[in-house]
Amino acid sequence: GRLLTCETGRVTRTEKDGKITVLARGVKEPADVVYAIDGSIYFSDPPAGIVYQITRKGDLRPVSRDCEQPFGVALAPNQQRLFVTDRARREIRVYDVAGDGSVGAGKMFAACKGQPGGLKTDEGGGVWMACSTGISHFDREGKPLETIALSEPAGNCNWGEGFQDLYITAETSVYRARVSVKGTRTD
């Protein structure tokens with residue numbers, strides 16, 4: 001029932017009573033954020049080339065610096081892998097998540113044909129990525145499965161109604177696509 005927001009220079013949480021809590025300060029331009037089941041938060045800062053974690057204790061720590069321009073972030077359904085889009089390299093990278101929330105070395109998960117944006121995962125381990133051509137869907141190994149074509153570039157996506165409706169934000173519109181799999185509840 002709370003809202004996480006990436007703002008210029010900070011990441012905030014809007015509490016149920018409307019109060020704003022600042023979770024991270026002194027960052028450049030956070031772009032995407034994901035809440036982990038353990039209470040920690042991961043977010044990207046594209047101009048800095050850093051993916052950060054806000055630990056359960058509220059500490060801010062960089063967990064990866066290997067993306068040139070990290071943008072979208074999402075966790076696998078079991079929370080043991082973190083996916084990050086790298087806009088500069090036009091790829092999705094994947095990281096193993098350790099018990100303390102730190103991540104190991106990243107590796108390429110999938111190449112992107114268009115400019116990658118935000119992403120989400122589904123319960124089967126698939127990845128859904130917004131990009132300049134629409135929404136690209138990859139299986140758990142990074143193999144392309146399908147594309148939801150749009151008439152304008154997609155920037156991000158999120159699960160809605162019953163975790164089978166994928167809401168897609170684009171340049172001038174918001175779209176809803178009903179898909180055959182269920183999205184992860186922790187994204």
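This is a predicted model: local features need pLDDT of at least 70, side-chain atom pairs count only at pLDDT 80 or more; totals for chains, interfaces and linings use all residues.
**Aromatic pairs and a charge over a ring**

Three aromatic pairs are present in the structure. One of them joins F83 and F109 in an edge-to-face arrangement, with 5.0 Å between the ring centres and 70 degrees between the planes. This pair connects distant parts of the chain: F83 belongs to strand β9 (residues 81–86) and F109 to strand β11 (residues 107–111), the two being 26 residues apart. Both F83 and F109 are buried.

Another pair is formed by W128 and W159, again edge-to-face, with a centre-to-centre distance of 5.9 Å and an angle of 80 degrees between the planes. Here too distant parts of the chain are linked, since W128 lies in strand β13 (residues 127–131) and W159 in strand β16 (residues 154–159), 31 residues apart. W128 has a relative accessible area of 1% and is therefore buried. W159, at 9% relative accessibility, also falls under the 20% limit and so counts as buried.

A further contact with a ring involves a charged group: the charged end of R87 is placed over the ring of F71, 3.9 Å from the ring centre.

**The largest pocket**

The largest pocket holds about 280 Å³ of space. Its lining consists of G1, R2, L3, L4, T5, R13, V33 and Y35. Strands β1 (3–7) and β4 (33–35) each contribute at least two residues to this lining, and β1 provides the largest share, three residues.

**Selected residues**

| Residue | Relative accessibility | Class |
|---|---|---|
| A170 | 18% | buried |
| Q164 | 18% | buried |
| Q79 | 13% | buried |
| R90 | 37% | partly exposed |

A170 is located in strand β17 (residues 165–170). Its relative accessible area of 18% is under the 20% limit, so A170 is classed as buried. Apart from residues up to four places away in sequence, A170 touches E152, P153, A154, G155 and Y175. The C-alpha atoms of A170 and L150 are separated by 8.7 Å, although these residues are 20 residues apart along the chain.

Q164 occupies the loop between β16 and β17. Once its neighbours within four places in sequence are set aside, Q164 is in contact with W159, A177, R178, V179, S180, V181 and K182. W159, one of these contacts, is also a member of the edge-to-face pair with W128.

Two residues stand out for their backbone angles. Most residues other than glycine have a negative phi. Q79 is found in the loop between β8 (70–75) and β9, and its relative accessible area of 13% lies under 20%, so Q79 counts as buried. R90, likewise not a glycine, has a positive phi of about 55 degrees. R90 sits in the loop between β9 and β10 (91–96). With 37% relative accessibility, R90 lies between the limits of 20% and 50% and therefore counts as partly exposed.

Terms used. Residues are numbered from 1 along each chain as its sequence is written. Side-chain values use heavy atoms; hydrogens and water are left out. Rings of Phe, Tyr and Trp (its six-membered ring) pair if their centres lie within 6.5 Å; planes under 30 degrees apart count as stacked, over 60 as edge-to-face and the rest as tilted. Helices (H or I, at least four residues) and strands (E, at least two) are DSSP runs, numbered from the N terminus. Buried means under 20% relative accessible area, exposed over 50%, partly exposed in between (1.4 Å probe, protein chains only). A charge sits over a ring if NZ of Lys or CZ of Arg is within 6 Å of the ring centre and within 35 degrees of the ring normal. On a 1 Å grid over the protein atoms alone, a cavity is a set of points where a 1.4 Å probe fits but cannot get out, and a pocket is an open set with protein on both sides within 12 Å along at least five of seven lines; lining residues have an atom within 4 Å of a point. Grid points are joined across faces, edges and corners, and a volume is the space filled by probe spheres set on the points. Contact means heavy atoms within 4.5 Å.
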